[in-house]
Amino acid sequence: MPPKQALTPSAGPPPRDVVAAIRSVSKVYSLGGHEVKALDNVSIEFRQGDYVAIMGSSGSGKSTLLNVLGCLDRPTTGQYYLAGQDVAVMDDETLSRIRGRYLGFIFQSYNLIQQLSVVENIEVPLSYQRPPMPGGRERCLKLAELVGLSKRLGHRPTELSGGQQQRVAIARALVNNPHVILADEPTGNLDTATSHEIMDLLDALNKAGRTIVMVTHENDIAERARRIVRLRDGRIESVSEVRREALPVAGLTSSVSPG
Amino acid sequence: MKFLQQLRLGFRSLLLHKLRSALAVLGILIGVTAVIWLVAMGEGVSYQAQQQIKDLGATSIIVRSIKPAEESSRSDSNARMGISYGLLREDFERIVTNVPTIGRAVPMREISREVRHREQFIDGMVIACTPDYFGMNRLKIARGRAISEIDMTSYANVVVLAHEAAVKLFPIEDPLGRAVQIGQEFYVIIGVAAERSAAAAIGGSLDARQYDRDVYIPLTTFRVRIGDRVFTSRAGSFQLETVELTQITAVVDDMKEVDSTADIIRVLLQRYHKVVDYAIVVPKELLEQAETMRAMFNVLLLLIAGISLLVGGIGIMNIMLATVTERTREIGIRRALGATKGEIVQQFLWETVVLSGTGGLLGVLFGFLCGPTVNGVRFGVRASLPEVWAALPPNIRNLEPRLAPWSIIAAFAISVGVGIVFGIYPARRAANMDPIEALRHE
Ligand SMILES: Nc1ncnc2c1ncn2[C@@H]1O[C@H](COP(=O)(O)OP(=O)(O)O)[C@@H](O)[C@H]1O
Ligand SMILES: [Mg+2]
């Protein structure tokens with residue numbers, strides 16, 4: 001078993017370097033009379049610069065956990081501290097603002113908006129910032145360059161390959177300078193070569209200091225992370241550290257590092 | 001800036017389904033155009049009516065002779081004598097002397113007669129009147145002079161022609177100084193009246209009073225040359241009628257005294273006429289009636305317009321519901337990326353407003369085409385179907401639609417309002433989707 005330091009079920013707000021922490025979170029769905037515990041008393045902390053892969057068989061609660069972390073769903077019981085605030089009790093509007101401000105999403109099916117161009121897609125989260133973020137368009141252009149799409153700014157999602165679309169999604173997930181990037185099977189729709197390109201990009205982001213939490217069921221993808229959390233029946237079955245050699249990464253500007 | 005962005009986004013999203021959006025726009029466009037056109041037509045008709053009534057004079061009271069039903073005509077009538085009815089010269093004297101509020105009064109005798117100049121002739125309307133008649137009816141003399149007092153006292157055989165009558169009888173030559181034949185007599189043309197448009201109907205007829213076949217002669221001359229007893233042909237049978245005056249027009253100085261003066265005249269005439277062989281027309285009342293009619297008409301038009309815009313609105317709602325369902329995924333994405341419910345509502349409301357606003361703007365544009373279109377149709381009918389044209393009532397032939405600024409503003413505002421009202425339900429439906437479900441949507 002890994003050291004217990006990752007699981008700290010203490011009361012009150014977590015220390016400063018913990019960007020996200022869930023404490024004794026349960027999520028119960030009632031289906032036709034009987035209850036399904038999608039999450040059962042889960043506690044986990046994510047520190048600044050963490051790189052975590054969540055694994056588990058189908059129905060083990062991975063998506064539910066990611067939805068709670070993404071403030072798209074509220075836990076039935078328990079607390080969720082994000083940026084020092086307990087968001088488990090917040091109303092819909094505040095949750096929307098928190099998503100827009102502190103979180104970046106990467107989806108399995110890219111989820112770009114079809115009628116918008118590459119650069120406009122990257123811009124979307126900026127239109128929901130209150131107060132507005134200065135230097136928006138410039139930031140989008142820089143991020144498009146970072147993910148290698150500066151020559152495709154005006155293209156529509158349908159004119160891009162899957163890998164390119166996911167790059168746009170990554171740039172979009174970075175544009176609001178989020179505390180945590182949440183990725184649900186980011187390589188699930190991609191072939192092996194493209195998957196590794198995308199993972200190289202995520203690795204690089206983490207190297208630059210980004211906190212990344214991703215769901216995957218592929219071992220070689222999960223091994224890219226520093227920690228692997230395994231779920232079973234809504235409980236954390238194990239948390240393991242990944243040992244690997246640090247690879248030098250080129251082409252990253254400091255503008256993408258958090259802060 | 002934010003506003004322009006929203007507008008642009010709305011257009012973009014609507015361009016995803018061009019035909020569908022175009023149809024929704026069309027629905028509103030037709031509604032708005034209908035409002036503007038109907039109101040313009042209504043305003044045109046009522047303006048025309050008002051002008052015609054005003055031509056009669058808001059301070060005037062018109063008393064017309066009316067042929068009573070056969071049995072009830074004046075006592076001494078028999079088959080040989082014909083019938084005798086209507087206003088008498090005595091009535092005129094009585095009105096002038098007994099009604100102090102009257103400033104001026106003009107007697108007039110009118111009869112239909114052929115007016116001839118060599119081989120040119122018209123089915124003319126002989127108006128026998130006093131010099132005051134011209135001023136009172138705002139008849140301008142274009143050339144020559146009007147009938148004078150001297151003409152009256154000397155029973156002169158002189159005539160003033162209406163513009164159109166002069167044109168028809170004298171297509172080439174100058175009519176002044178020449179003579180026209182009315183019955184057996186010749187009359188020297190002393191003047192030609194200026195052109196003028198039709199006035200309102202009086203004396204119960206629905207046709208507007210046309211001036212174009214009028215010829216004016218002195219009342220005194222009429223009495224000696226033509227006389228009170230005239231043959232008229234009606235429905236093929238000739239009849240002898242004795243009528244002294246066809247019409248008396250009285251003008252009061254103060255508009256406030258119109259109604260009371262009309263009442264006095266009524267009482268006065270009642271006393272001397274056993275049967276009601278006259279009618280009193282008060283243009284001011286007609287004007288008030290016309291105003292009421294116009295208001296009612298406008299309410300009716302707004303009702304029709306409201307219904308057509310409602311239909312347009314339902315079309316928009318239908319399309320927006322389809323759009324929202326189709327774009328469930330987009331809604332989920334935007335929610336995940338930080339959009340609040342309110343922002344989703346706004347986004348979709350903007351889209352409906354873009355739809356309905358575009359329809360509204362285009363509708364206003366087409367609204368402005370009302371005048372040219374009516375003129376085009378008029379021209380087309382006159383050129384290609386002259387019989388149909390001739391059969392149309394003058395009110396229709398002369399109809400000039402009048403764009404009402406309020407109708408343009410109202411139509412546009414209502415169309416945008418319709419967009420908002422009918423957009424709210426689809427937009428709220430979009431906003432209330434569960435983001436997780438929406439993201440899963442295929
Ligand atoms: N909206 C829901 N309503 C009812 N049950 C749900 C819902 N979402 C998830 N579940 C149940 O919760 C459990 C965990 O689901 P999920 O988190 O999607 O698992 P995973 O993503 O690991 O496959 C499953 O048993 C699933 O059936
Ligand atoms: Mg799942």
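**Where chain A meets chain B**

Across the interface of chain A and chain B there are 14 residue pairs in polar contact, both residues at pLDDT 80 or more; a polar contact is a pair of N or O atoms within 3.5 Å, where within protein one must be able to donate a hydrogen and the other to accept it, and residues adjacent in sequence count only if both atoms are side-chain atoms. This is a predicted model, in which local features need pLDDT of at least 70 and side-chain atom pairs count only at pLDDT 80 or more, while totals for chains, interfaces and linings use all residues. Residues are numbered from 1 along each chain as its sequence is written, chains are lettered from A in the order in which they are written, and side-chain values use heavy atoms, with hydrogens and water left out.

Let's look at the charged pairs next. Five salt bridges are counted between the two chains, each a side-chain nitrogen of Lys or Arg within 4 Å of a carboxyl oxygen of Asp or Glu. One of them joins Arg130(A) to Glu343(B), with the closest N and O atoms 2.9 Å apart.

Now for the extent of the interface. Chain A brings 25 residues to the contact and chain B brings 23 residues, contact meaning heavy atoms within 4.5 Å. About 2,100 Å² is buried between the chains, and carbon and sulfur atoms give 53% of that area; buried area is the accessible area (1.4 Å probe) that two parts lose on being put together, summed over both. On the chain A side, Leu72(A), Gln115(A) and Tyr128(A) lose the most area to chain B, together 31% of what that side buries.
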